[in-house]
Amino acid sequence: MTELGNICLWIALLIGLWGSAVAFMAGRTHRADLGRSAERSIFVLWGLLVVVSAALMHALLTHDFNIEYVAAYTSRNLPVFYTWSAFYAGQKGSLLLWALVVTSFGSIALLVNRGKHQDLTPYVAGTIAVIAVFFIATMVFAANPFERLGFTPPDGRGLNPQLQNPGMVFHPPMLYLGYTSISIPFAFAVAALISGKLDTGWLHAIRRWTLLSWLFLSCGIVLGMWWAYVELGWGGYWAWDPVENASFLPWLTMTAFLHSVMIQEKRGMLKKWNIGLVVGSFLLSIFGTFLTRSGVISSVHSFAQSNVGYFFLIFLIAAALAGFGLLWYRWPMLKAEVQLESMVSREAAFLFNNLILIVIAFAVFWGTIFPIISEAVRGTKVTVGPPFFNQVNVPLGLGLLLLTGIGPLIAWRRASLGNLRRQFLWPTAAMLVVAAALAAVRMTDAWAVVAYALGAFVVATVVQEFVRGVGARHRLHGEALPVAFVRLVGRNRRRYGGYVVHLGIVMLFAAFAGLAFKRDTEVTLKPGQSADVRSPYGWTYHITHQGVSQYDELNRFVTAASVDVSRDGKYLGTMKSEKRQYLDSMGQPTAEPATEVAIRSDAREDLYIVFAGAVQGTEEAVYKIVINPLVWWVWYGGLVLAFGGLITLWPSAQGPTPASRRRAEPAGYVAQVGA
Amino acid sequence: MWRRSALSLLAVALTATGLAAQTARDSALSRRLKARPADSLGRLEVPEAAGRGVRPVTAQDNAALVMALEHKIRCTCGCNLDVYTCRTTDFTCTTSPAMHQLVLARLDSGMTEAQVLDAFQKQYGEMIFMQPPKHGFNWAAYLMPFIGLGVGIGLVVGLVKRWAKASPRAPAQPAAAAPAVGATPEEMDKLKQELEKFEA
């Protein structure tokens, strides 16, 4: 089976090369037979990569430890659930997943658009084939998942204990789906640039893909935060690590695109900017993989740690030259149909929203690569950690939160004073009331006060929009309020789904601001001893150590420390934090014991208890106790955000807006310009 | 009656299967656990399975000054975490506990917070801090995003002003979602049609 997988990988490389060549020839010569061949080569590529993936999965499930990848990431006693996740636990498997998902999405995109966008399709197929060829070539020449060892070990090294968590089963594929689905908008952007068909037609083809990609990235990022929080035991969920930053960068540029594309569809503006954002998002998704695979961030001198890094660097440069080169070539064709008329307009608000998103992306990018720059310029290594990112991004993020409230309500073209008063009177009042209330309860952190006040502003704008929309339907159509609500959302999913996303964003900001009130302490307790920990809300947790027990469980030996918890005298329950010693199939320890956190969560705060260890091998235990306000809001904010994204993504019979449909036809330009 | 008997039999069978499976799964550590008698002193049967031994926490370990200092200093084990987070998270790390002891020793010797940080910088260089110290070239790290923002704002404002001059002044847009008050039936019909169009 593995030999078949290896052979299919090679065949896929050849088919990919063929597909790339004929696709671009088909686009240039308009030969339908070549176009069909290019399209079919994507489907064949997908089929071959399915076989390759099945072969690797078969090797993982049958414990073929002669294969280096299988021996490195699995063991005989690894639960099947995690054997599945070993598929993408290492570099070689994740490259295969990239290639598989790119060709899967590429095939779907070609099938969905069959018969449409005839001038674009060959170039779309060609671009997808080139991306797939890059990943396949990287596997074949630098990171073959079927590479064999010179001997067959009796058991594998097993999966890293920290990866044996349900969050890790879903978080990486979600991120990969997000990264790879950006390839489809990129392919359409390249196709539009090469073919010169730069009306909004290509935007219609990619609208759902960009939303899907953004949704996958959002879910992947939030799942990663959840995994870090429950598994790593440091009491936080975001550490501004280069790998985290790598996933955040394309999310920021995609978010900018989802806003600015509305201006292009509605007003025919920002065409160059939108193509730039799509190209930039794709490059950032490749950059993220390059960053994590090359080892370039730890030091400039560790660049040669992995030769896969060079493959990614070359591809990154080539894709940047191609993408931005084509944009420069078509620059004169991408003139705006109308021009921005006033600083006080929705267009300007969206423009500033884009500006802040891009500046945040730049700040994250700059902070991530600054250690390399410093070492190159001064020969001095510096660390750029969370204090830097928080210092720079908090004010920018708050500016963005303000625009989240302003953008959707302000009028297109030019807002009158009456419009501003009507739209922003209640939200501003809500903001001031919340700010005053927080000042009255003596909330000391100024950033947090601003965040909650702006959050109230945005929530008020969203509520006002729903109330007015439902009220208008109720009055005009005589519908009952719940019916009016459902129809309001159903008739304009993009707009009202967007509002739900904004609510999710406010929930996330509220949670981030809660970090300002985080408290942590360490205590040593013998069985029966207690410690009191005061919450920022004013109540006191009374924590009593019950003892430490040891037992076998699945593929691990567990040492569990239990505490009874009460709050202001009210018993809340028993919490158990563990040390898990993972074992191989012979029952021998594999790595050092991993820590499992005990978490008690509600909407107000989390009580987060970590069993740090036993004192001199006795039941006397050291605990790290963290009180984390509002963490619940991160997970539920993420859910609300994803729900809003789904509403926006849900297919609707109407399709693009009339204005956008007009712009998809060349004649529409005249109509719009003349209007 | 027969149902209860069947359920009892099922329960016995499941328990027996579970026990058999448990015996088969027993690890070497577990066998050690069973071989040892209970210890009245509260000693763990397999102490190494609870990770490295830790020493009891002192008041100094939790001191605000110590925590603040250790949040500023990077652990040199390669984890990218600060000393406090690493020593209270990665219980396999031996570097962060040693650096913690060094912080305590330096404070005990009468050093101020600034002197402790200075001593760490002399020992490890600038990379020991969790963020670049604000001097010289490092200012570029802090200022570049805001310079970018300033340039961006300048560009947008400049462009909008130029465009506004070039385009004829259109009347201000009425509020998008303003409800009509006191409108005639004809106006309401027109509004209804507009709303339909708007929602499409």
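## Confidence in chain B

Chain B has an average pLDDT of 76, with 62% of its residues at 70 or above; pLDDT is the predictor's confidence in each residue, on a scale from 0 to 100. This is a predicted model, where local features need pLDDT of at least 70 and side-chain atom pairs count only at pLDDT 80 or more, while totals for chains, interfaces and linings use all residues. Residues are numbered from 1 along each chain as its sequence is written, and chains are lettered from A and ligands numbered from 1 in the order in which they are written.

## Where the chains meet

As a whole, the model scores pTM 0.86 and ipTM 0.81. Chain A puts 80 residues into the contact, and chain B puts in 70. On chain A's side, the top contributor is helix 13 (residues 346–378), with 13 residues; helices here are DSSP runs of H or I, at least four residues long, numbered from the N terminus.

## Domains of chain A

An automatic or database assignment sets the domain bounds. For chain A it gives domain 1 (1–159), domain 2 (169–331 + 341–391), domain 3 (393–512 + 636–646) and domain 4 (517–632). Taken over C-alpha atoms, the centres of domains 1 and 4 of chain A are 43 Å apart. Their contact involves seven residues of domain 1 and six of domain 4.

Definitions and conventions. Contact = placed C-beta atoms within 7 Å. Helix = DSSP H or I, 4+ residues; strand = E, 2+ residues; numbered from the N terminus.
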